[in-house]
Amino acid sequence: MDLAFSPEERAFRDEVRSFIADNYPPELRGKQDEGEELGKEDMLSWHRVLARKGWVAPAWPKEYGGPGWNATQRYIFSEELARADTIPVLPFGINMVGPVIYTFGTPEQKARFLPRILSGDDWWCQGYSEPGAGSDLASLRTRAERQGDHYIVNGQKTWTTLAQHADWGFFLVRTDPAAKPQEGISFLLIDMKTPGVTVRPIITLGGEHEVNEVWLENVKVPVENRVFEENKGWTCAKFLLAHERTGIAGVARSKRGIERLKAIARVEVDDDGQPLLMNPFFRRKVADLECDLTALEFTELRTLAGEAAGRGPGPESSLLKVKGTEIQQRITELVLEAVGHYGAPYFRAFPEGSNEYPIGPAHAHRAAPTYFNMRKTSIYGGSNEIQRNIIAKMVLGL
Amino acid sequence: MDFSFTETQGMLRDSLARYLRERYDFDTRQKMLALEGGRDPAVWKALAEELGILGAGFPEAHGGLGGGPVEHMVIMEELGRAIAVEPYLDTCIVGGGALLAAGGDHAETLIPAIIAGEVIIGFAWAEARSRYNPARIATRASADGSGWTLDGDKAVVIAGPYATHYLVTARTAGNPGDRDGVSLFLVGAGTAGISRRDYPTVDGWMASELHFERANVGPHALLGREGKALPLVEELIDRATAATCAEAAGTMRRLHELTLDYARQRVQFGQPISRFQVIQHRLVDMLMEVEQAVSMTYQATLRLDLPAAERARAVSQAKAKIAKGARFLGQAAIQTHGGIGITNELAAGHYFKRLTMLESRFGDQDHHLARLEALMLAEAA
């Protein structure tokens with residue numbers, strides 16, 4: 001056991017750090033600092049820089065375009081991304097459907113989809129949840145009927161993140177309504193431009209348009225777009241959820257979030273006019289949160305080490321999801337507490353060149369919307385109640 | 001000991017509750033928020049004329065109904081249930097309280113106008129660097145031959161855009177944080193030298209940033225004694241805090257009901273999620289917070305007329321407890337709703353947003369615990 005990085009690892013860290021410093025798009029940095037909403041091209045710009053360098057998919061095997069890093073290198077890489085406060089690479093292609101395709105897909109599917117996921121040419125979205133199938137995902141009702149070499153798909157998906165930009169979606173559909181819930185499901189890749197696909201916005205508490213409803217009406221999907229066997233889609237679904245959960249811990253991002261919290265608490269003052277970070281109440285809460293984060297970090301590192309030794313992400317990733325999301329939410333609570341009165345104004349970005357400017361200090365603008373929005377983290381990706389069920393069943397054998 | 005309401009108090013609650021149920025349902029509220037100006041002024045008019053409740057807490061000598069803190073509590077609970085964006089606290093409790101304390105011509109003319117719904121008062125006590133300490137203010141007031149002149153900035157003045165008057169704290173002496181030197185002014189909103197930036201808040205209210213630049217507010221704007229207003233300001237804030245507790249208790253009660261309804265009808269794994277023990281226990285924990293919020297609200301409300309230290313302890317205990325409970329209950333409500341709780345479509349999310357803002361209004365949990373600690377140390381010394 002050794003916590004210190006080797007000279008090679010330190011050199012790798014320096015290489016990553018200087019690459020980010022030299023290549024992070026300055027326009028993107030400007031928009032982030034101003035709290036502006038990011039458009040599709042903004043979100044893709046950093047993805048493309050990483051793709052050109054071959055670093056966009058750290059966990060992918062080398063043969064499919066991954067960099068061939070070990071767990072320590074991947075850890076260092078994600079630390080450095082968070083340290084530099086880069087925007088996250090969207091998970092839907094890289095972390096979700098990509099691994100499903102290279103694990104379960106045909107050679108044709110791999111050749112067709114993986115390069116375009118890496119390059120960012122295809123934007124992916126996830127068609128899992130339905131209005132009646134949330135935590136109970138296996139009760140999904142979207143129906144795919146085989147007609148010759150096509151499926152005809154009908155149904156409704158919801159909470160589809162950033163589907164408004166998506167070129168492709170991966171969908172769980174029911175191909176055998178007579179089978180037990182988990183046995184009649186298939187995993188389909190659907191071109192979002194196919195006639196019959198309609199994307200409708202859902203506006204969330206902070207006023208954001210992040211998620212959507214996706215309606216599917218007689219959507220014709222070639223059978224060759226099914227991944228893995230018919231009625232075996234649940235295998236892909238479970239695999240994907242476990243992969244989704246490891247990234248969901250968000251340790252490096254939370255470290256960055258705590259740094260930002262501290263920076264805010266150095267500027268904001270308490271009732272006596274002292275910096276909030278000098279206030280014993282407040283700083284103890286920050287210290288407590290840092291303990292939680294260190295515990296999560298080393299739990300994740302142990303999981304990563306297990307993965308490196310050939311044990312795939314298993315039920316223990318549920319622990320990372322629960323604790324990781326609790327910490328992410330706690331950070332947003334403390335930021336909102338820190339900004340005091342200026343949590344209240346509803347933030348509106350004004351167009352460039354406008355004489356108007358938002359109310360209150362910049363660090364307060366998104367404090368409340370972010371707090372509201374981050375309640376989603378204990379709900380999505382399998383709610384934290386479901387994660388506890390998984391641990392109870394799979395780890396404790398209850 | 002008696003926790004029952006009088007017949008008059010019961011009628012007050014029933015008539016307001018009926019009005020809000022019939023004319024202020026969630027969809028109607030959302031439509032009002034979308035109107036130019038962010039509200040429907042007809043509601044305030046109706047509270048004044050149709051229901052005649054704006055005088056509930058004023059003495060009969062001023063044309064009021066002769067009630068006090070309990071009447072305020074009843075009204076605030078009902079407004080909280082409906083997450084109504086009506087400035088009763090600001091106008092009738094804080095503004096009215098200041099006028100009653102000051103007496104004189106202001107009280108004679110303005111209290112009847114408040115009761116009639118013609119005067120709305122915004123409470124300008126907070127500043128960008130004051131946090132929740134009403135003494136840590138930098139806005140200055142000085143007197144010359146023509147009266148008082150105000151200079152400075154006030155933060156997040158609720159109802160600022162449509163208030164007819166502002167109740168403003170300003171320094172006539174000393175430095176931010178000093179207990180001495182704080183004075184209280186009542187100024188017309190249209191006074192030259194006052195400029196405003198208006199905006200909506202995250203929970204659907206309208207508020208303003210106020211900028212005073214050589215604002216000559218006249219010789220009669222001072223309420224109470226020059227430089228000695230802090231005890232009165234603290235009392236007003238304690239009354240406002242107790243009212244905020246009542247509002248939060250109403251909001252919590254309704255959000256709990258909404259969550260219970262949702263859990264009963266939402267089916268997953270072949271049964272309503274209310275059948276799952278983890279959900280049942282959460283709903284029970286939420287109910288316990290509702291009941292404690294109500295208890296704490298009663299406790300604080302009934303002690304508002306005690307000497308300052310006892311009043312402060314009662315109010316800060318209530319707000320510290322309710323701030324914590326409101327956060328728990330709001331988060332638990334959203335978690336139980338799942339994704340739909342985070343959308344703007346359902347009422348639950350809007351109750352959650354309002355509760356989040358109520359948590360820190362007139363001081364968050366830390367502020368009130370620190371105040372309680374200071375009282376404890378003062379007592380031990």
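Let me start with a loop. A:D85 sits in the loop between α4 and α5 of chain A. This is a predicted model, so bear that in mind throughout. A:D85 has a positive phi of about 55 degrees, and it is not a glycine. Most residues other than glycine have a negative phi. Is A:D85 buried or exposed? Its relative accessible area is 15%, so A:D85 is buried.

There is a second case, in chain B. B:R214 also has a positive phi without being a glycine, and the value is near 45 degrees. B:R214 belongs to strand β7 of chain B. Its relative accessibility is 58%, so B:R214 counts as exposed.

Start with β7 of chain B, residues 206–218, and its partner β6, residues 194–200. The two run antiparallel and are joined by seven bridges. B:P200 has B:M206 in β7(B) as its bridge partner. β6(B) and β7(B) form a hairpin, and five residues lie between them. The turn holds B:G204, with a positive phi of about 95 degrees.

Now strand β1 of chain B, residues 121–124. B:I121 and B:F123 point one way, while B:G122 and B:A124 point the other way. All of these residues are buried. In a regular strand the side chains alternate between the two faces of the sheet. Which strand pairs with β1(B)? It is β4 of chain B, residues 165–171, in the parallel sense and over four bridges. Within β4(B), B:V168 is the bridge partner of B:A124.

On to helix packing. Chain A goes first. Helix α5 spans residues 91–104 and helix α6 spans residues 107–119. They pack at an angle of about 165 degrees, and their axes are 10 Å apart. The cut-off for roughly antiparallel is an angle over 145 degrees. So α5(A) and α6(A) are roughly antiparallel to each other. Their crossing is left-handed. Which residues meet? From α5(A) come A:G93, A:I94, A:V97, A:G98, A:I101 and A:Y102. From α6(A) come A:Q109, A:K110, A:F113, A:L114, A:I117 and A:L118. By type, the contact of α5(A) with α6(A) has eight nonpolar residues, three polar and one charged. For the spacing, recall that an α-helix has 3.6 residues a turn, so residues three or four places apart point the same way.

Chain B has a pair to set beside that. Helix α4, residues 69–81, packs with helix α8, residues 277–302. The angle is about 150 degrees, with the axes 9 Å apart. That makes α4(B) roughly antiparallel to α8(B). The crossing of α4(B) and α8(B) is right-handed. On the α4(B) side, B:P69, B:V70, B:M73 and B:E77 make the contact. On the α8(B) side, B:T297, B:Y298, B:T301 and B:L302 do. Five residues of this contact of α4(B) with α8(B) are nonpolar, two are polar and one is charged.

Helix α3 of chain B, residues 41–48, is next. Its buried residues include B:V43, B:W44, B:A46, B:L47 and B:A48. What do the buried residues of α3(B) pack against? In chain B, they pack against α1 (7–23), α2 (26–33), α5 (88–102) and α6 (104–115).

First, A:P58, in the loop between α3 (40–53) and α4 (71–83) of chain A. A:W69 is eleven residues from A:P58 along the chain, and their C-alpha atoms are 6.7 Å apart. Beyond its neighbours within four places in sequence, A:P58 is in contact with A:P67, A:W69, A:R74 and A:F77.

Next, A:M374. This residue lies in the loop between α11 (367–373) and α12 (384–395) of chain A. Its relative accessibility is 17%, so A:M374 counts as buried. Leaving out residues up to four places away, A:M374 touches A:Q328, A:Q329 and A:T332.

Last, B:E359, in helix α10 of chain B, residues 347–360. Buried or exposed? B:E359 is buried, at a relative accessible area of 9%. Not counting residues up to four places away in sequence, B:E359 touches B:K319, B:A323, B:A326, B:R327 and B:D364, and also A:Y371.

How values were computed: Residues are numbered from 1 along each chain as its sequence is written. Chains are lettered from A and ligands numbered from 1 in the order in which they are written. This is a predicted model: local features need pLDDT of at least 70, side-chain atom pairs count only at pLDDT 80 or more; totals for chains, interfaces and linings use all residues. Side-chain values use heavy atoms; hydrogens and water are left out. Two strands pair if DSSP finds at least two bridges between them. Axes are lines fitted to C-alpha atoms, for helices over the stretch in contact, and angles run from 0 to 180 degrees between N-to-C directions. Angles under 35 degrees count as roughly parallel, over 145 as roughly antiparallel, 65 to 115 as roughly perpendicular and the rest as oblique. A crossing is left-handed if the near helix is turned anticlockwise from the far one by less than a right angle, and right-handed if clockwise. Contact means heavy atoms within 4.5 Å. Ala, Val, Leu, Ile, Met, Phe, Trp, Tyr, Cys and Pro count as nonpolar, Asp, Glu, Lys and Arg as charged, and the others, Gly among them, as polar. Buried means under 20% relative accessible area, exposed over 50%, partly exposed in between (1.4 Å probe, protein chains only).
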